[in-house]
Amino acid sequence: MILVVFFLCALGFVLIWRVPACPRAMPRCAADQTVSIIVPARDESHNLPRMLESIAAQEMPPLEVIVMDDDSSDGTAHVARAHGATVYTVPPLPPGWRGKTWACWNGAQHARGDVMLFLDADTWFAQADALARIETACRNAGCRALSLAPYHVTRRFYEQFSAVFNLLTAAGIDCFSLYGSPDRPHGLFGPMLWIERAAYESCGGHRAVRAEILENMSLAPVLRQRGIPMACRGGRGVLHVRMYPRGWRSLVDGWTKAFAAGAGKTSPRALLVSIAWLTGGMLALLTAVHPPNPWWMAVLPYAAYVLVFHRMLRPLGAFAPWVPILYPIPFVGFFLIFTRSLILQHSRGAVSWKGRAIPPGESP
């Protein structure tokens, strides 16, 4: 049993092997591409100031910042204008579209830059050279589309329960694993997408994935089919995010939505390895609770999971020190929220997010 647990623990290195960071910014020239930043926003007045202030502080200023106000009821448009953004109202949602894809598509129609950078409103640039580093990363990778895994900043106790979800999201993209490649990702990260206008238009952009909840996962195969090179990088020190600062309910609803929509698009290989790794973590706990002889053998598997969990989390988010030490607690939180997602899909026929229903069986 001990050897089995150690083997399953080692699968953590397989899931998250290497998270390449954005390199230092390279000097720009007059011929470099212009950048339009597009932010789909629905009731985001609490997040926009931090994001827009970080954009204003960039050493490489964008051509424009467009905020697409998606039927907000909290003063989102007023806050965006007060911080210098150009605001457009998203037209009524037509049949067959999702709120975010419709907002992003309409934002792209207004954008004038050579490159479009789609950002979720809860993200922000961590340093003044962040935008230049993103451009350099794309240039060095030789790609036309780049997505970052935003570094997850947490402040309150309940936010620590995002730890396992963050790991499995990164694992599902299948780009930081031992068997994957950051330059050939299975999917893209939802909070951020840098894409050349010509590439966006040639693949159909968000119109090609208009019915998808997690459009980032579905856009990758569309780009791949068109022969458009893409890459993923880690966002630590460049692009940060605080996903659910408004309480337990927002965290539970947010991850319920993500797993209701996204489980079917996860790489099968990553899914199997993730299940095995999670199972090993619970076996390590059982071994610690019912120790074999000698007793110290029970400590080793548990300690191994603590160290591997810490190593996996470090490039993805700023989580409290107790999270890897007491990893069964976030593990149980993950299982409860995942179970809730399954129950809601089968009993109610849908889960909801920001007042919009997500039917079961929808692909991300």
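Predicted model: local features only at pLDDT ≥ 70, side-chain atom pairs only at ≥ 80, totals over all residues.
Let me start with a loop: aspartate 43 is placed between strand 1 (35-41) and helix 2 (48-56), where helices (H or I, at least four residues) and strands (E, at least two) are DSSP runs numbered from the N terminus. Residues are numbered from 1 along each chain as its sequence is written, and side-chain values use heavy atoms, with hydrogens and water left out.

Back to aspartate 43, then, which has a positive phi of about 55° although it is not a glycine. Its relative accessibility is 25%, so it counts as partly exposed, given that buried means under 20% relative accessible area, exposed means over 50%, and partly exposed is what falls in between, with a 1.4 Å probe and protein chains only. Aspartate 71, in the loop between strand 2 and helix 3 (76-82), also has a positive phi, near 55°, and is a residue other than glycine. How accessible is aspartate 71? The value is 60%, and aspartate 71 therefore counts as exposed.

Now to the sheets, where two strands pair if DSSP finds at least two bridges between them. Seven strands make an open sheet in the order 3-2-1-4-8-6-9, and the pairing is mixed. At its edges are strand 3 (86-89) and strand 9 (230-234), each of which pairs on one side only. Ignoring direction, neighbouring strands of this sheet are turned by 20° against each other on average, with axes being lines fitted to C-alpha atoms, for helices over the stretch in contact, and angles running from 0 to 180 degrees between N-to-C directions.

How many residues of helix 8 are buried? Eight of the 11 are, so helix 8 is largely enclosed by the rest of the structure. Among these buried residues are Met217, Leu219 and Val222, and the buried set packs against helix 4 (99-110), strand 6, helix 6, strand 8, helix 7 (197-203) and strand 9. After helix 8 comes glycine 227, whose phi is positive, near 75°.

Strand 9 is mostly covered, with five of its five residues buried. In a regular strand the side chains alternate between the two faces of the sheet. Here Met230, Cys232 and Gly234 point one way from strand 9, whereas Ala231 and Arg233 point the other way. Strand 9 runs parallel to strand 6, to which it is joined by five bridges, and leucine 146 stands opposite alanine 231.

There is also an open sheet of four strands, in the order 5-10-7-11, again with mixed pairing. Strand 5 (123-125) and strand 11 (317-318) stand at its edges with a single partner strand each, so one side of each is left without a neighbour in the sheet. Strand 7 (residues 151-153) and strand 11 run parallel and are joined by two bridges, with valine 153 opposite alanine 318.

Next, a helix pair. The axes of helix 6 (residues 163-173) and helix 10 (residues 268-289) come within 9 Å and cross at roughly 150°. The two are therefore roughly antiparallel to each other, the classes being under 35 degrees for roughly parallel, over 145 for roughly antiparallel, 65 to 115 for roughly perpendicular, and oblique for the rest. The contact is made by residues including Val164 and Leu168 of helix 6 and Ser274 and Trp277 of helix 10.

Cysteine 9 sits in helix 1 (residues 2-15) and is buried, with a relative accessible area of 4%. Its C-alpha lies 8.9 Å from that of phenylalanine 309, although cysteine 9 and phenylalanine 309 are 300 residues apart in sequence.

Note on methods. Contact = heavy atoms within 4.5 Å.
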